[in-house]
Amino acid sequence: MSAAATRRLTTAQALVRFLAAQYTERDGVRHRLIAGTWGIFGHGNVAGLGQALVEYRETMPYHQGRNEQAMVHAAVGHARHLNRLSAQAVTTSIGPGATNLVTGAALATINRLPVLLLPGDYFASHAADPLLQQLEHPVEADVSVNDALRPVSRYFDRITRPEALLTSALNAVRVLSDPAETGAVTLALPQDVQAQAYDWPEEFFADRVWRVRRPAPDPAELAEAVRAIRAAARPLIVAGGGVHHSEAEPALKALVDATGIPVASTQAGKGALRHDHPADLGGIGHTGTAVSDALARTADLVIGVGTRYSDFTTASGTLFQHPGVRFLNLNITAFDAHKLAAATLVCDARSGLAALTDALAGHRVDAAYETEYRTGRARWEEAVEGAFRADDDSAVPTQTQVLGALDTVVGDEDVVINAAGSLPGDLHKLWRARSPRQYHLEYGYSCMGYEIPAALGVQQAAPDTPVWALVGDGTYLMNPTEIVTAVQENLPVKLVLVQNHGYASIGGLSESVGAERFGTDYRHRVADGSFTGAPLPVDLAANAASLGMDVLRAKTVRELREALSTARAATRPTCVYVETAPPGTALPAEAWWDVPVAEVSAREAATEARAAYERAVADRRRHL
């Protein structure tokens, strides 16, 4: 009997070959699992993975990044836009290159989005010890800086021998492709092991398809859910990101059309219903709409679909105030389904929604309830129109008027990306999502610096789609470097750069909690040590131009509309720069958010804020 066929390759070469042969499949449609690899090379990966990526560049696309954290953001944006069916890998050197991955890994895992991290690591043989950038631990010699990635990864392994990759690579891909387990996956790769040769079984490189299942609901759980919905007088659906990941938007619409149950959405779930659907109430929670939050306070059954119930969604436990309110959670993971002591439907969102629609045949909410929420959404639409409207086209626009101008320019296919600052609140309240993937808010980690690299990942996933990164001045200063990558790869992303000379969101929060906006402005320091002088002479538009973007400066509402139209038609990276007029946000929060205030203070602002805090926190409920 002949020996099994093998191929002699280095560990790095074998890994790249393996990854290029992995696929996901759902509903009969196949996707390449690892669509490409982002990388910044240094010692620790240049001779191993760097060489392997050159050797197999025709089968594994390579993208050159400028910042390691940003590369993870780009990969996450790509995965989210493709509903977690395709992902990207990220390779870095050892030391700071590796530790720069931690923030991006946390973002991916918190948002349940797949990304494969391949940081270099120290010599497994300890032949060179200590080496450049090595963290020496006095009692644990096997610790490296990559261990910082353990708590933010859904799967972690350090490949200290070539043959260990046979098991770990399969486990890594299993987690990446499983919607109930996915997040950041880390394979730490000692630089000597990357370069070692091994006789790999040919089967390791065969095409492998990972089927993404759509588990159906348990019959007993389904029957209990149907009873709860039929018994509810004021049910409310909270749509989370799981609706999008499952491509369950048509199934949600079918259920809503049949039953009349209204839908409020989390940041990740916005767009689950098109904005002009009569049952779409917009965002919910601290940044939600007035109609959503009013109904949430009186709902007797809250039906969570694909949501993990963050504190912004629940208004820190103060939103759902009906005395007898109960929860029914449909989620692919039991971990999220059991939150708020809910009855559970642990299943795929599309499968579960379709089963509910069939089982609820003939059931519909009371007509008076439909009239109530439709009246409320009509009133809110008037508020949106007021926030978007600019009565004087020659005036400097407010931030909400910037969104209004963009609203008139985008098409159904455009994607709008944001993550941090005051824009998420305005967008959640005001944006009219026209399609399932138009609204792209990263608000699980709300990471400043996410928007520009994420736009690159989305643009790679949807090359013919206009992709907008909405960025405030604070976020821009955190991470503008991937503009260079957009230019290098000719990715025609559109950057809307909003200059308001400070941290608008945290400034407002600071004022509300008695911290008096301290340290939240971009201004000259004055004699008393505060930052209340003139704005700094910083030209962010010139900076974007210096990195290779075409830049359009807009000073008025009219110029802004013209610039946005020009940018949308552009075929290369383009920035629209606008300085906004106060107020930074036009519509106040409709629900509370818990940020503890100093219990004692000698300053009046803090004592007044504490009194308001104690009044608000008294409404908190523990749903048991």
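Author: Start with pairing: two strands pair if DSSP finds at least two bridges between them. Helices (H or I, at least four residues) and strands (E, at least two) are DSSP runs, numbered from the N terminus. This is a predicted model, where local features need pLDDT of at least 70, side-chain atom pairs count only at pLDDT 80 or more, and totals for chains, interfaces and linings use all residues. Residues are numbered from 1 along each chain as its sequence is written, and side-chain values use heavy atoms, with hydrogens and water left out.

Reader: In which sense do S22 and S23 pair, and over how many bridges?

Author: Strand S22 (residues 550-554) pairs with S23 in the parallel sense, over five bridges. Asp 550 stands opposite Thr 574 in S23.

Reader: How does the chain cross from S22 to S23?

Author: A crossover is right-handed if, with the strands pointing away from the viewer, the path from the first strand over the helix to the second runs clockwise. Here the β-α-β path goes through helix H23 (residues 557-569), and the crossover is right-handed.

Reader: How many bridges join S21 to S23?

Author: Six; S21 (residues 494-499) and S23 run parallel. Val 498 has Val 578 as its bridge partner in S23.

Reader: Why is S23 largely enclosed?

Author: Buried means under 20% relative accessible area, exposed over 50%, partly exposed in between (1.4 Å probe, protein chains only). Five of the six residues of S23 (residues 574-579) are buried, so the rest of the structure largely encloses this strand.

Reader: Which residues does Leu 252 touch?

Author: Contact means heavy atoms within 4.5 Å. Leu 252 touches Ile 237, Ala 239, Val 243, Val 263, Ala 272, Leu 273 and Leu 353, not counting residues up to four places away in sequence.
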